Amino acid sequence: MDLATRRRRTALFLFFLIPGLSISSWVTRTPDIRDQLGASTTQMGLILFGLSVGSMLSILMSGPLVARFGTRPVMGVGTALFVVSIAVIGVGTLLSSAPIVTAGLVLFGIGMGGGEVAVNVDGAEVEKITGRPVLPTLHGFFSLGTVVGACAGILCTAVEFPVEWHLGIVALLTAAMFGYGIRAIPSGVGKAKGPRPADGATTGAGAVAGAPAGAVAGAPVWKDRRLLLIGGIILAMALAEGAANDWLPLLMVDGHGVDPALGSTVYAGFAAAMTVGRFCGSFLIDRFGRAPVVRASAISAALGLTLVIFADSAVLAGAAVCLWGLGASLGFPVALSAAGDSGPDSAARVSLVAMIGYVAFLVGPPSLGFLGDHYGLRPAMLVVLAFVAVAVFLAPAIGGRRAGGQAGTPAGVPVAGQAAITDTDRDEGRAPGVGQRP
C-alpha cells in the first residue's frame, strides 16, 4: 500500500469515528437535554423528528450528489454538518431552546444521510485499490466511536458535567479530526464520467467477468438481480443493528425486568460485540470468504435474537445479546463491499445498497416501536428475526472471497494478458475458466 492510500484509509477511519462519537454523545445526554429544555415526551418526539427529516432528505439526494460531484465534497459537507450540529445542539441546550436543538438535529440528520453514503463509496474504492477487505474495519471505527462516546457520556452524566460543555468539547475534537482527514481524500471518486451507453450495451471491459446477467455498463443498477439480493441482506442486517441501537435497553428493562442501569450495560455489551466483530472481519473474510462469513453472521444474529425473544432468563437474554451484536456486525459492511464489485458503476451500486441500509436504520426502529406499543417489544422483535432468517438464505448472493481486484482495476475485470478469474474460481481454488459452463 503506497503512502497516499495509507493516509486515505486512515482518514476514512476518522470519518467513521466522528459520527460514532457524535451520535453516542447526543444519545447519552438526552435525559439531561430533555430536563434543561423542560420538554415532555411528546415534545421530545417532535424534536427527534428533526433527525429523521434531515436524514431522509439527504439519503434521497446522496446518490445523485456523489455521481455529480464525487465523494470528497459530499463527504466534506456531511462531516462538517456533524461537527456544526453538535455545537448547535449544545447552544440550544444552554439557551433552553427546543427550536435550536431541533435545528441541530436536522443538520445532524443531513450530515449522517449524505456523508455516510459518500464515505462508504470511498471505502469501497479503497478496497478495489488494495484488493483487501477494508469496510468491516471502517465500520469497526464507527462502533468504537459509539463505545468511547457512550463511556464518556456516562461519565459526564455521573459527575453532572454541563451538557453544553460536553458537546462543545466533542465538537472541537471532531473538528480537528475532520480538518486532518479531509486533506487525504482525493477528488473525483464516484463521479459519473460522461454519458452512459444504452441499456444492455457493453463494450470491451464493460462486462465484468463472473458478474450476473444484466450487470453491464449502462444497465440501471436497480435492474441487477444480484444487487437487489445484496440489498435484501443489507436491509435485514441494518434492521438488526438499528433495532438494538434504539430499543435494546428498553427491551431488557420492559421485556426482562432488569433495572435501567443494567439495561444500559447490556447495550454497551452489544456495542462492544459489534466492535470486536468488525475489527475481526477482515481476517475472517480472508480466511473463509464473504458468503460463509455473512451466512454465519446472520445465523449468529438469529440465534441471539431468538434467545432474547423467547428466553425467560434475563441472564441468558443478556448473554445472547453478544451473539446478536457479533452477528449484526459484519452483514452491512461486507454486503457493501460485494455491491461495490458486483458490476460496473461501483459508486452507483454502493450508493443504492447504502441507501437501502440507511432507510432500514431510520424506518425500521420507529415501526418496531409501533408494534411494541400494541404487542410488547419482545414480540415486535420477531419481525427483525424474520428478516435476519431470510438473510441466511440470501448469503450466496454476496459472492467471492476478495474485496477487490488488482490495484487500479475493477474487481473481476482481467488486466492485459490475464484470463478472467471469477469469484467461483477463487473460492474453489481452480485455474481460470476450468470446469466452467458456457
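**Salt bridges in the predicted model**

In this predicted model, a total of four salt bridges is counted, taking as the criterion a side-chain nitrogen of Lys or Arg within 4 Å of a carboxyl oxygen of Asp or Glu. Side chains of opposite charge can pair when their charged atoms come close. Three of these pairs are described below.

A salt bridge joins the side chains of Glu241 and Arg278, with an N to O distance of 2.9 Å.

Arg378 is paired with Asp312, and here the closest N and O atoms lie 3.5 Å apart. Because Arg378 is located in helix α13 (residues 377-394) and Asp312 in the loop between α10 (290-310) and α11 (314-340), the pair ties together parts that are 66 residues apart in sequence. The relative accessibility of Arg378 is 18%, so that this residue counts as buried, the limit being under 20%; Asp312, by contrast, reaches 72% and counts as exposed.

A further salt bridge is formed between Asp32 and Arg29, for which the closest N and O atoms are 3.1 Å apart. Within this pair, Arg29 counts as buried at 2% relative accessibility, while Asp32, with a relative accessible area of 23%, is partly exposed.

How values were computed. Residues are numbered from 1 along each chain as its sequence is written. This is a predicted model: local features need pLDDT of at least 70, side-chain atom pairs count only at pLDDT 80 or more; totals for chains, interfaces and linings use all residues. Side-chain values use heavy atoms; hydrogens and water are left out. Buried means under 20% relative accessible area, exposed over 50%, partly exposed in between (1.4 Å probe, protein chains only). Helices (H or I, at least four residues) and strands (E, at least two) are DSSP runs, numbered from the N terminus.
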